[in-house]
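This report is a guide for a reader meeting the structure for the first time. It takes up helix contacts and then pockets.

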Amino acid sequence: MTKRPHSEIASPDAPRDQKRAKTTAQDVEQAVNTLMSAVANVEALDTDADLKNGPLKLANLEPSTRRDLKSLSRSLLHFLPALRALAEEEEPQPQPPAADTATEDTSANKQEGFRRLPQDSSLREVQSHAPNNLRKWTVDDIPSSLPPLPPVLDPVLETAAFTHPGRALRPTDMNYERLEWIGDSYLYVISCSLIYATFPTLSPGKSSQLRELLVKNMTLCNYSLHYGFHKRANFPAEFDLGGRPGGTAVKDKERSKVLADLFEAYVGAVVLSDPTSGFARAAAWLKTLWAGTIAKEIREAETLQRKATELPPKNQLANLVVAKGIKLRYEDAPGGPKPKINKNTRAPLYTVNVYLDGWGETNKLLGWGTAASKSEAGHKAAQCAMDNKKLIQVYVERKRAHMAALEAQRKEE
């Protein structure tokens, strides 16, 4: 191929690294011509002759060739955006991995490696213990009797959970103290998760008070006594319920603390003895056990949640009996000059009556309610009226007959 001066294709004065707002088709065409010119110049070089004297160097080339290469370099820099666009058009689009691929692509693993956690078994165990796996308490979780004790799958851990350091055979033997420490943490995680899920409107302070009810020493001590932990404990004699025969005895507060610690140690042993499902088994057991302790709070939470999804009593009563020309009136109940006073808060209490005008009635008293505000008292009055099912059903039937007659009249028209 005959060598052609590069000046025939691109100007040596082309601006270097010029910013472009947009790469056009003409830019790409000019870039292609520049590349073709580069190919022609490279093929025209007598590289075989030049390589006889060693590696090819710019200083060994003819002056005209050096000028052409420098001009070519400036032109390539000028057309760099177009060349990039051309390269992107030619590159194959990456294909998503098949759904049934057993392992991830190696290159993808390298790119994502900085975001991956070490594949360590202990890390996987901690991740599987995420507290948001615990669902909220419901009334169905409240037990009729004490739930069965989950077993500790490792005999060494089970023995350690009931062994005092002073009764260990060797100083290196495990005892209840370390298990109690980690078991205490599991109790906090599980109790906080359940409270958070079950009582969404409870303030942090109230939530902490409820948690304290579940994990305080007296509660855990009672659990230990129910499960007979005090009979399995390998502790010095002074910790026995009767104390050391003819000797000293620990105080009741200290004994209660130790029995609570034994319960925490047992929880830790259950979890650690079964890395796969120990946490889940302990959480299910504690969820049922604690549900019996705070059964009242769980029932109240479920009632509040159900009421939150219902219409207010005033709206419910109106839907039952009100139609065109039918009215409900909420008025202050007649009484003395002084309002009632709440004995606990010393705040005034208001009493409101609800009356019906219609369905053959005038100023018919349906119900009444008393509360710290007139609005709440009105809702209680409406609920009082609905609780009188026999009376309300009379007006419900009258409304139904009236609406059926209107519908029949509409069809005739």
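## Helix α8 against helix α9

In this predicted model, the axes of α8 and α9 come within 10 Å of each other and cross at roughly 135 degrees. Because an angle counts as roughly antiparallel when it is over 145 degrees and as roughly perpendicular from 65 to 115, the value for this pair makes α8 oblique to α9. The crossing of the two helices is right-handed.

On the α8 side, the contact is formed by Leu 187, Tyr 188, Ser 191, Cys 192 and Ile 195, which meet Ser 207, Leu 210, Arg 211, Leu 214 and Val 215 in α9. Sorted by class, the residues of this contact comprise 7 nonpolar, 2 polar and 1 charged.

## Helix α8 against helix α13

Helix α8, which spans residues 176–198, also packs with helix α13, residues 278–293, at an angle of about 60 degrees and with the axes 10 Å apart. That angle makes α8 oblique to α13, and the crossing of α8 and α13 is right-handed.

Here α8 contributes Tyr 186, Leu 187, Val 189, Ile 190, Ser 191 and Leu 194, while α13 contributes Phe 279, Ala 283, Leu 286, Lys 287 and Trp 290. The residues of the contact divide into 9 nonpolar, 1 polar and 1 charged. Leu 187 and Ser 191 of α8 take part in the contact with α13 and also in the contact with α9.

## Helix α10 against helix α12

A further helix pair is formed by α10, residues 217–226, and α12, residues 252–272, whose axes come within 7 Å and cross at roughly 70 degrees. Since angles of 65 to 115 degrees count as roughly perpendicular, α10 is roughly perpendicular to α12.

From α10, the contact draws on Asn 217, Met 218, Leu 220, Cys 221, Tyr 223, Ser 224 and Leu 225, and from α12 it draws on Ser 256, Lys 257, Leu 259, Ala 260, Phe 263 and Glu 264. In terms of residue class, the contact of α10 with α12 has 8 nonpolar, 3 polar and 2 charged residues.

## The largest pocket

The largest pocket has a volume of about 360 Å³. Its lining consists of 19 residues, and those that lie nearest its centre are Thr 198, Phe 199, Thr 201, Ala 301 and Leu 304. The elements that give two or more residues to this lining are α9, residues 204–215, and α14, residues 295–308.

Which element gives the largest share of the lining of the largest pocket? That share, 7 residues, comes from α14. By class, the lining of the largest pocket holds 9 nonpolar, 5 polar and 5 charged residues.

## The second largest pocket

The second largest pocket has a volume of about 270 Å³. Lining this pocket are Lys 307, Glu 310, Leu 311, Pro 312, Pro 313, Gln 316, Glu 376, His 379, Lys 380 and Gln 383. Two or more residues of this lining are given by each of α15, residues 313–321, and α16, residues 374–387.

With 4 residues, α16 gives the most to the lining of the second largest pocket. The classes represented in this lining are 3 nonpolar, 3 polar and 4 charged residues.

Definitions and conventions. Residues numbered from 1 in each chain as written. Predicted model: local features only at pLDDT ≥ 70, side-chain atom pairs only at ≥ 80, totals over all residues. Heavy atoms only, no water. Axes fitted to C-alpha atoms, helices over the stretch in contact; angles between N-to-C directions. Parallel < 35°, antiparallel > 145°, perpendicular 65-115°, else oblique. Left-handed = near helix turned anticlockwise from the far one by under 90°. Contact = heavy atoms within 4.5 Å. Nonpolar A, V, L, I, M, F, W, Y, C, P; charged D, E, K, R; others polar. 1 Å grid on protein atoms, 1.4 Å probe; cavity = no way out; pocket = protein on both sides within 12 Å on 5 of 7 lines; lining within 4 Å. Points joined across faces, edges and corners; volume = space filled by probe spheres on them.
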